[in-house]
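Here is a short briefing on one protein chain. Look over the sequence and the fold first, then read on.

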Amino acid sequence: MEPVIDQACAAALYAEGDAALDTGASLLAAAPEADDALHRRGEEFVRRAWERGWHPADLVRFVRLELDERRAVLAATLIAAETARYGELPPRWRAQLAELPGAAPRNKPDRFGYASDLLELYRLLLRLPAIEPVGPVPGTAADHLHRPPAHGEPRMLTRIRALLAKAEATGFPEEAEALTSKAQELMARHSIDEVLIAARTRSTETPGACRIGVEPPYESAKAILLDAVASANRCRAVWNGDLGFSTVVGFEADLDAVELLFTSLLVQGTAAMTRAEAGQRASGRKRTKTFRQSFLMAYAQRLGSRLADTTERATAAADMDTDTETGAGTAEGTSGLLPVLAARDVAVTETAERMFPRTTTTRVRGATDLDGWNHGTEAADRARMGDHRKGPHGGPRDGEIMA
């Protein structure tokens, strides 16, 4: 059956236009005996994506952005089949696979349409750019050597996850505020505990990286929010707007914190935006898009300094505790904790610069809706986190992120 597959792929994948896709799909629709070979060819293309640095969530997200949800489900089906061959996968891969859409039924709505969808997906997969890897390819020797030891989620992270889930679920802003604030304090303390353990055991751990989706709409505001969360948790975030994600560089415990907190704050911010927007519509307002953009920009920027303040307070408290326990303080107030934190910050910065030597600072257009900005600021205050930067006359000014 391979000649049929080769002929269809040559017609559709290496030529431009719908006519080429139609020719390839017609060949496949007339050859039902080639179905299994066609899907195996798709799995090969998925494997090539791993070798170019892509992960399952990145791939599905990009297909959704470039094509549509139907083709994204097809991509998820191929990914599930390709990754099933590996006996073990890193934790982040397992988590991404668990969140993939369910398998697409074959040859629906008809053989020609299904084959056309597959070929269009394959065309996209073949043209994927190579991106900076954030871990070894599954099944390789490097994967075996670099895979972290298997262990359950630390009890502190389980507690943080529960606090954030309650904050997302509650309908009372004051309760969400208290729960989210407590979660961030625990995150900061958990990170410091990991630093102290690493120092005592002379750990050789080095910074790693993960990718977090930053999808439309209002992706620039979401990227600013992620940058604020990453910075407050001693990580660096680099946004790739064209591919729909940011790469976050940091130590493993801090990466976990960034993923948890960013996801929760985005859920809380979106819910608060929806409530505020409903009030605006009730008063006869119709400029929904500018309101939402301004709301999320204010929410993201307001959170930055408050997140940093929480981390700074937790660090100062831990530094004093370390001084008390070890007697290591000096007249300048320096203990064993701060040099270790500084060394880790340097390691994260060097790793990020090595991974992304040609990053640029992207200026993000400022918000233009004062009501949206004010509501977003209030929502960030209720979450007890944030940065408030104002331009002339008290209005917001443009932001900057690494891209």
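Pro-217 sits in the loop between strand 1 (208–213) and helix 11 (219–232). Helices (H or I, at least four residues) and strands (E, at least two) are DSSP runs, numbered from the N terminus. This is a predicted model, in which local features need pLDDT of at least 70, side-chain atom pairs count only at pLDDT 80 or more, and totals for chains, interfaces and linings use all residues. Residues are numbered from 1 along each chain as its sequence is written, and side-chain values use heavy atoms, with hydrogens and water left out.

**Loop between strand 1 and helix 11**

- The peptide bond from Pro-216 to Pro-217 is cis, and its omega is near 0°.
- Tyr-218 lies in this loop too, between strand 1 and helix 11.
- The phi of Tyr-218 is positive, near 60°, and the residue is not a glycine.
- Tyr-218 counts as buried because its relative accessibility is 14%. Buried means under 20% relative accessible area, exposed means over 50%, and partly exposed is in between (1.4 Å probe, protein chains only).

**Loop between helix 6 and helix 7**

- Pro-109 is placed in the loop between helix 6 (91–98) and helix 7.
- A cis peptide bond joins Lys-108 to Pro-109, with omega near 0°.
- Asn-107 is found in the loop between helix 6 and helix 7. Its phi is positive, about 60°, although Asn-107 is not a glycine.

**The chain overall**

- The chain has 15 helices and five strands.
- It has 403 residues, of which 48% count as buried.
- Take the contacts in the chain with a separation of 6 or more: residues 24 or more positions apart account for 78% of them. Contact means heavy atoms within 4.5 Å.

**Helix 1**

- Helix 1 covers residues 2–13, and its 12 residues should span 16 Å at 1.5 Å a residue. The end C-alpha atoms are 15 Å apart, which agrees. The expected span is 1.5 Å times one less than the number of residues.
- Ile-5, Ala-8, Cys-9, Ala-12 and Leu-13 are buried in helix 1.
- These residues lie on the same side of helix 1, because they cover an arc of only 100° around the axis. The arc is that of the directions from the helix axis to the C-beta atoms.
- The buried residues of helix 1 pack against helix 2 (18–29), helix 3 (35–51) and helix 7.

**Helix 9**

- Helix 9 (residues 155–169) has 15 residues, which should span 21 Å at 1.5 Å a residue. Its end C-alpha atoms are 21 Å apart, in agreement.
- Leu-157, Ile-160, Leu-163, Leu-164 and Ala-167 are the buried residues of helix 9.
- Seen down the axis, the buried residues of helix 9 fall within an arc of 120°, so they line one face.
- Exposed Arg-155, Lys-166 and Ala-169 are on the face turned away from the buried side of helix 9.

**Helix 4 against helix 7**

- The axes of helix 4 (residues 56–66) and helix 7 (residues 111–126) come within 11 Å and cross at roughly 115°. Axes are lines fitted to C-alpha atoms, for helices over the stretch in contact, and angles run from 0 to 180 degrees between N-to-C directions.
- Helix 4 contributes Leu-59, Phe-62, Val-63 and Glu-66 to the contact, and helix 7 contributes Leu-121, Leu-124 and Leu-125.
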